[in-house]
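Hi everyone, thanks for making time. I'd like to walk you through one model today, going from its symmetry to its interface and then to its core.

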There are 2 protein chains.
Amino acid sequence: MSTVDSSRRTVLKAAAAAAAGAGLSAVGAPAAAAASENGIRIAILLYDGITALDAVGPYEVLSRVPGAEVVMVGKKAGPVRTDTGVLGLVADRALRDVPRADVLLVPGAGNRGVIAAMEDPAITGWVERVHRHTTWTTSVCTGALILGAAGLLRGVPATTYWASKTYLATTFGAVITPGRFVESGKIITAAGVSAGIDMSLRLASLLTDDHTAQALQLAVEYDPQPPFDTGSPEKAGPELQALALQLLADSAT
Amino acid sequence: MSTVDSSRRTVLKAAAAAAAGAGLSAVGAPAAAAASENGIRIAILLYDGITALDAVGPYEVLSRVPGAEVVMVGKKAGPVRTDTGVLGLVADRALRDVPRADVLLVPGAGNRGVIAAMEDPAITGWVERVHRHTTWTTSVCTGALILGAAGLLRGVPATTYWASKTYLATTFGAVITPGRFVESGKIITAAGVSAGIDMSLRLASLLTDDHTAQALQLAVEYDPQPPFDTGSPEKAGPELQALALQLLADSAT
């Protein structure tokens, strides 16, 4: 077994060199200063049956926004289980402890989780009340259905998970709009699961500036090169659509 | 507030139609059957200071692989805090309870977390022992440094987070190799953070077949359209590299 060179306390060795070479203090300072003035509170809703990546993709970007404070909010404080049942995410605060946020992010879930959330007035009521004072109200995947159940999407251009678009339109009156994410005033809805990463980079640029958002994209090394090109229902076709939904159903608790 | 149409118990309405149209049982059955025969155990290591997306990106894909069982493993069972300090992920099993796995996935962390893990013989010893019997041993981001500390990467083509490549080569003798992920025998190392999603789709195809992996890509609607093109250090340039590392340092606990 190799031993670790403990005399070097950073494993990001290229980091220090790059920082020095680029004049780090001059680059980093303005963003940091603007940030601490902003004091941006970002609330991410966690609930039983959530799809983890819907929350964690945006969290990974938004938690690095200068001056932002991300808080994970659940019906009560404590762990929630995700849709597959094999992962727990911890909500640090209860809904009642977070009456306001500058940014609200509502992740999606599978059928069981999202139906329970849509039918829970404690959740939809909180979403509706927090939304009144947000700068940005956002959703990922079927999280849009929870915004819909809170009455926020009637007549509003929006998107959601590809297989839930019809439901979002017919049940909540949203105007289904193409795009990886859709901006409608202060409401931004993202398409399914991984689309939250794309949306969060746009949101980061709105909260700070393009330069900072571009650095955040590098921070999470988001240079996607999927081995296939089947990430949208149009590209995948009906047979893969059916299999995708079967795999989701089979993996759901 | 809108009311939910409770008579419809699925919000994936397009789903049922697509499934029916494509002859779902014929499509879904072979994959499911192959899967349950495989009985693939996938162990994802969680540890204090982990970068959440390194684990959750692959988890989201791999937990849908037919017949796969994902288990989150920590030094002890219970929650670990991520590198930003604002998210907890729950490890359901302790290291000693998971002596074998078909697939081992080691996520990365910031400086503090990854150094602690590299220097912890309980972790590196477990990684080394589990690796002996895996079908695939994988890492995301600086998780490669933990594979290195376990003695698995000497002379092995590999990658890691862009800012840690020099460290991985000089400290652990890995042969730094370009690519979003690098396959070297049964070891697959992914680049930083979000690269774990790309790797996990490749891994899904190795565990099943391309068709199933393509459906999993649609299941997580992975049709990436980042708003910027700054996801690699080469594309971003030295100034954004410096800012990215500063933002990571500022958001670390």
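Before the symmetry, a quick word on how the copies are compared: they are superposed by least squares on the C-alpha atoms of residues with pLDDT of at least 70 in both. Please keep in mind that this is a predicted model.

So, what rotation superposes chain A on chain B? It is 180°, with 0.0 Å of shift along the axis and an RMSD of 0.0 Å. That is the relation of a two-fold axis. If you want to find the axis on your screen, look for A:Leu89: of the residues of chain A, its C-alpha comes closest, at 2.4 Å.

That residue number brings us to strand 4, residues 88-91. Strand 4 of chain A pairs with strand 4 of chain B in the antiparallel sense, over three bridges. In one of them, A:Val90 has B:Gly88 as its partner.

Now the interface as a whole. Here 107 residues of chain A are in contact with 107 residues of chain B. On the chain A side, helix 10, residues 233-251, gives the most, with 16 residues. That side divides into 63 nonpolar, 29 polar and 15 charged residues. And 99% of the interface residues of chain A are also interface residues in chain B, so the copies meet through the same surface.

Last, the core. The largest nonpolar core has 182 residues, and the members touching the most others are Ile44, Leu46 and Ile146 of chain A and Ile44, Leu46 and Ile146 of chain B. Happy to take questions!

Conventions:
Residues are numbered from 1 along each chain as its sequence is written. Chains are lettered from A and ligands numbered from 1 in the order in which they are written. This is a predicted model: local features need pLDDT of at least 70, side-chain atom pairs count only at pLDDT 80 or more; totals for chains, interfaces and linings use all residues. A nonpolar core is a set of buried Ala, Val, Leu, Ile, Met, Phe, Trp, Tyr and Cys residues joined through C-beta atoms within 7 Å. A residue is buried if 20 or more other C-beta atoms lie within 10 Å of its own, exposed if 12 or fewer, and partly exposed in between; C-beta atoms are placed from the backbone. Two residues are in contact if their C-beta atoms, placed from the backbone, lie within 7 Å. Helices (H or I, at least four residues) and strands (E, at least two) are DSSP runs, numbered from the N terminus. Ala, Val, Leu, Ile, Met, Phe, Trp, Tyr, Cys and Pro count as nonpolar, Asp, Glu, Lys and Arg as charged, and the others, Gly among them, as polar. Two strands pair if DSSP finds at least two bridges between them.
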